[in-house]
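Please open the model in your viewer and keep the sequence panel beside it.

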Amino acid sequence: MEVFAQGLGLGFTIRALRGCPKFKKLSIHTMQRRPFLAGLGATAAALGSSAWAKQESGRKLGWALVGLGSLSKNQLAPALAKTTHSRLAAIVTGTPAKAAEWQKQYGIPDSHVYNYENFDRIVDNPDVDVVYVVLPNSMHEEFTIRAAKAGKHVFCEKPMANTAEECRRMIEAVKSAGKQLGIGYRCQFEPHHVECMRLAREKVFGELKFIEAGFGFQAGDPAQWRLRKSLAGGGALMDVGIYAIQACRYLTGEEPVEIVAQETKTDPVKFAEVDETISCSMKFPSGLLASLMTTYAFNGSNFFTAIGQGGRFGLEAAYGYGGQKGWSSQPGVKIEFPATDHFAVEMDLFSRAILDGKPFAPAGEEGLKDLLVIEAIYRSIREGKAVAVETV
Ligand code: NDP
């Protein structure tokens with residue numbers, strides 16, 4: 001699995017820095033001992049239009065954020081300011097008030113502001129190299145394909161789309177455009193996760209036999225798009241269960257072949273359109289079983305535990321933006337790393353892959369594989385029996 005290759009490379013540099021207390025807030029650049037970031041704290045706010053244009057000649061790829069919601073505002077824009085090879089170049093929004101606010105804060109010229117109707121004009125903007133799709137899930141396919149047609153590389157948030165079929169069309173569109181498609185699986189670069197992948201792959205606790213993984217939270221506002229099937233594609237499983245699926249897949253390095261799942265709805269009004277709580281069992285080719293749960297009904301599940309013949313290890317607060325806590329049954333095996341900015345790391349790795357002309361992973365196929373698992377889980381619930389997972 002691609003992630004192991006990337007993960008191990010990153011794991012090596014992380015291990016080399018282990019125990020350096022001053023690296024409280026690591027970014028990928030510090031991990032790789034490159035000069036720490038010119039742009040740290042220096043947002044484009046300070047730049048006028050001519051300076052903006054001049055930046056283009058540097059090694060920073062221009063990113064356009066599509067959809068200025070919570071993730072873009074609170075995580076991605078601040079993260080871009082911490083990167084070495086990436087910068088905020090343009091915004092795409094359906095809310096004019098947000099455009100004005102962002103222009104002011106980040107010094108974005110009018111020529112670099114788009115809405116969902118005139119978005120295709122981005123083809124004429126050489127300042128934009130990468131389009132980052134940060135919209136409700138049902139809009140990922142449309143904006144990925146439009147961005148590819150505009151000749152841009154695409155980075156798309158998870159879940160990649162609402163269906164595997166949509167994922168396939170996205171992969172094809174970006175491939176036809178000769179561009180790269182990256183999926184926002186930030187945990188694949190997070191040091192605790194990377195170390196757990198190494199522990200699994202190197203069989204430090206023996207051959208893995210069982211994994212338990214769960215991620216859920218209490219969904220608030222009943223009017224939010226996440227509870228509308230047409231926009232979200234599904235409920236907790238699509239939104240956060242996907243992190244637990246990812247963990248099972250990247251710990252084993254295998255694809256599940258058979259799934260049996262069950263759903264419960266304790267609030268059938270609020271969750272009329274989407275799944276609320278799901279529990280399922282996934283069987284992998286090696287014979288390993290994984291037990292997975294996800295929910296929109298309550299807090300408290302955010303973990304994985306991996307059990308091998310020689311012991312156990314896992315993460316708590318596993319999938320948050322920070323605060324990961326590793327543990328293991330062997331006193332000598334510690335899973336402890338400084339915090340990183342997950343988003344700065346993944347965006348810069350994507351930029352670097354493009355600059356180096358190398359394929360980025362996790363790419364579209366990775367998003368498709370998760371959607372195939374998700375579809376099998378929903379199918380098992382509908383049919384009330386174990387089902388096979390479709391292959392790519
Ligand atoms: P928000 O609801 O906060 O923002 C979504 C934005 O999309 C809106 O603010 C709006 O921006 C735009 N939008 C366009 N059409 C619609 C519509 N019909 N309904 C609602 N919004 C619309 O969502 P998030 O930022 O939390 O999530 C966006 C994506 O990012 C999702 O795919 C989600 O799964 C993913 N995500 C990933 C995370 C991660 O850790 N990797 C964490 C959180 C989210 P505007 O007003 O600018 O048009």
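A salt bridge here is a side-chain nitrogen of Lys or Arg within 4 Å of a carboxyl oxygen of Asp or Glu. This is a predicted model, in which local features need pLDDT of at least 70 and side-chain atom pairs count only at pLDDT 80 or more, while totals for chains, interfaces and linings use all residues. Residues are numbered from 1 along each chain as its sequence is written, and side-chain values use heavy atoms, with hydrogens and water left out.

Select Glu 390 and Arg 168 to begin, whose side chains form a salt bridge with an N to O distance of 3.0 Å. Glu 390 belongs to the segment after strand S16 (387–388) and Arg 168 to helix H7 (residues 164–176), so that distant parts of the chain, 222 residues apart, are linked; helices (H or I, at least four residues) and strands (E, at least two) are DSSP runs, numbered from the N terminus.

Next, select Arg 146 and Asp 120, which meet in a salt bridge at 2.7 Å, N to O. Arg 146 lies in helix H6 (residues 140–149), and Asp 120 in the loop between strand S4 (113–114) and strand S5 (130–133), so the pair ties together parts 26 residues apart in sequence. Arg 146 is buried at 16% relative accessible area, whereas Asp 120 is partly exposed at 35%; buried means under 20%, exposed over 50%, and partly exposed in between (1.4 Å probe, protein chains only).

Then move to Lys 73 and Glu 101, a salt bridge whose closest N and O atoms are 3.6 Å apart.
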